[in-house]
Each structure stands twice: as C-alpha cells, then as structure tokens.
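Here is a brief report on one protein chain.

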Amino acid sequence: MSLAMNREELEDYMSQIFPQVSQDYSVQDLTEESIVMRLSVGDRHLRPGRTVSGPSMFGLADVSVYALILARRGQQSLAVTTGCSMDFMRKPDGNADLIARCTLLKLGKSLAVGDVLIFSEGSDKPVARATMTYSLPPEGSAAAAFG
C-alpha cells in the first residue's frame, strides 16, 4: 500500500485538525512502512528530576501511530486509540527532544497496530517502547471523513 499523503500534506492536515499537536510535534521522516516524529521538549513536558513525563512520552507514541495511519489511509481523522502497552526503560534527557520511530505492524479494515521506540535525541538507547492499537472507521464511511 502506498502513502495517501506525503510529509507536507500530513503536517498540513494535522495542523488543521489538531492545531495543538503541530506546536509540539513534527514529522522528521515518512515512508510507506514508518514515520519518525519529534517532540520538541519544553518545561511543560518535564516532571521533577528534569525528566520527560510519562504522559508526554505516551502522547508522542500516540501521535506517531495516528500520523502514520493518516499518511497511509488519507484524511480520515476518526481513528481512535483502543489499547496501549508502554514500557519506560530509562530516564529521558530533559534537555533533549524526543524522537519516535514508529512502524505499523498491522493496518487492517477495522484495526491498526503500531510499534513505537522513543529515544532522547543523540542517544541510540530507547527510553520507552509502546504498542498502540487503533480502531478504524470503515473506509469511505461518512464517519471516516473529517468535516
């Protein structure tokens, strides 16, 4: 399956439907199989000890899978997260952006499953890993189109 949206189209669409996301997240690379996203870490993402908070890392994983689904399926914004398993493996650097590398393990008619590894920029050791499951509206349905 080829991409329904390229990197620029994806970022433009996400800024329309989720303007709050475009403030913190950016697409670094996009292929048919994967997406690399950046979380621009700021004080609002930190918890005591100057580490990036778990909710911020969850958000990066969630947005990464959602963005890759959009890039593959097109402007169908009503995909929703139905499951997540997340492992926090080491302390992220609170002075560095986070980089997520996401691949889709399955993109079916009603479910998508993505795997995400999250790194502090400049490190090759993952700080977190997530598997996200999304429920997808049927292609071509009125519920699938953003309006």
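## Nonpolar core

The largest nonpolar core holds 41 residues, and those with the most contacts inside it are Leu-10, Ile-35, Leu-98, Ile-118 and Tyr-134. Such a core is a set of buried Ala, Val, Leu, Ile, Met, Phe, Trp, Tyr and Cys residues joined through side-chain atoms within 4.5 Å. Two or more residues come from each of helix H1 (7–17), strand S1 (25–30), strand S2 (34–39), helix H3 (54–73), strand S6 (98–107), strand S7 (111–120) and strand S8 (126–135). H3 gives the most, with 11 residues. Helices (H or I, at least four residues) and strands (E, at least two) are DSSP runs, numbered from the N terminus. In soluble globular proteins, nonpolar side chains tend to be buried together.

This is a predicted model: local features need pLDDT of at least 70, side-chain atom pairs count only at pLDDT 80 or more, and totals for chains, interfaces and linings use all residues. Residues are numbered from 1 along each chain as its sequence is written, and side-chain values use heavy atoms, with hydrogens and water left out.

Which residues does Tyr-134 touch, not counting those up to four places away in sequence? They are Asp-62, Val-65, Tyr-66, Ile-69, Ala-79, Val-80, Thr-81, Thr-82, Ser-110, Leu-111 and Ala-112. Contact means heavy atoms within 4.5 Å.

## Helix H1

Asn-6 caps the N-terminal end of H1, with a side-chain oxygen 3.0 Å from the backbone nitrogen of Glu-8. The buried residues of H1 are Leu-10, Tyr-13, Met-14 and Ile-17. Seen down the axis of H1, they fall within an arc of 100°, so they line one face of the helix. The arc is that of the directions from the helix axis to the C-beta atoms. Their cover includes helix H2 (19–24), S1, S2 and H3.

Buried means under 20% relative accessible area, exposed over 50%, and partly exposed in between (1.4 Å probe, protein chains only). A polar contact is a pair of N or O atoms within 3.5 Å; within protein, one must be able to donate a hydrogen and the other to accept it, and residues adjacent in sequence count only if both atoms are side-chain atoms.

Arg-38 is in strand S2. Its relative accessibility is 16%, so Arg-38 counts as buried. Its contacts beyond four places in sequence include Asp-24, Leu-60, Asp-97 and Glu-121.

Arg-129 sits in strand S8. Arg-129 counts as partly exposed because its relative accessibility is 29%. Beyond four places in sequence, its contacts include Ser-85, Met-86, Asp-87 and Asp-115.

Thr-51 lies in strand S4 (residues 51–52). At 5% relative accessibility, Thr-51 is buried. The backbone oxygen of Pro-92 lies 3.4 Å from a polar atom of the Thr-51 side chain.

| Side chain | Partner side chain | Polar contact |
|---|---|---|
| Arg-38 | Glu-121 | 2.9 Å |
| Arg-129 | Asp-115 | 3.2 Å |
| Arg-129 | Thr-131 | 3.0 Å |

## Cavity

How many cavities of 30 Å³ or more does a search of the whole structure find? The search finds one. On a 1 Å grid over the protein atoms alone, a cavity is a set of points where a 1.4 Å probe fits but cannot get out, and lining residues have an atom within 4 Å of a point. Grid points are joined across faces, edges and corners, and a volume is the space filled by probe spheres set on the points. The largest cavity has a volume of about 30 Å³. Ile-69, Arg-73, Gln-76, Ala-79, Leu-136 and Pro-137 line it.

Definitions and conventions. 1 Å grid on protein atoms, 1.4 Å probe; cavity = no way out; pocket = protein on both sides within 12 Å on 5 of 7 lines; lining within 4 Å.
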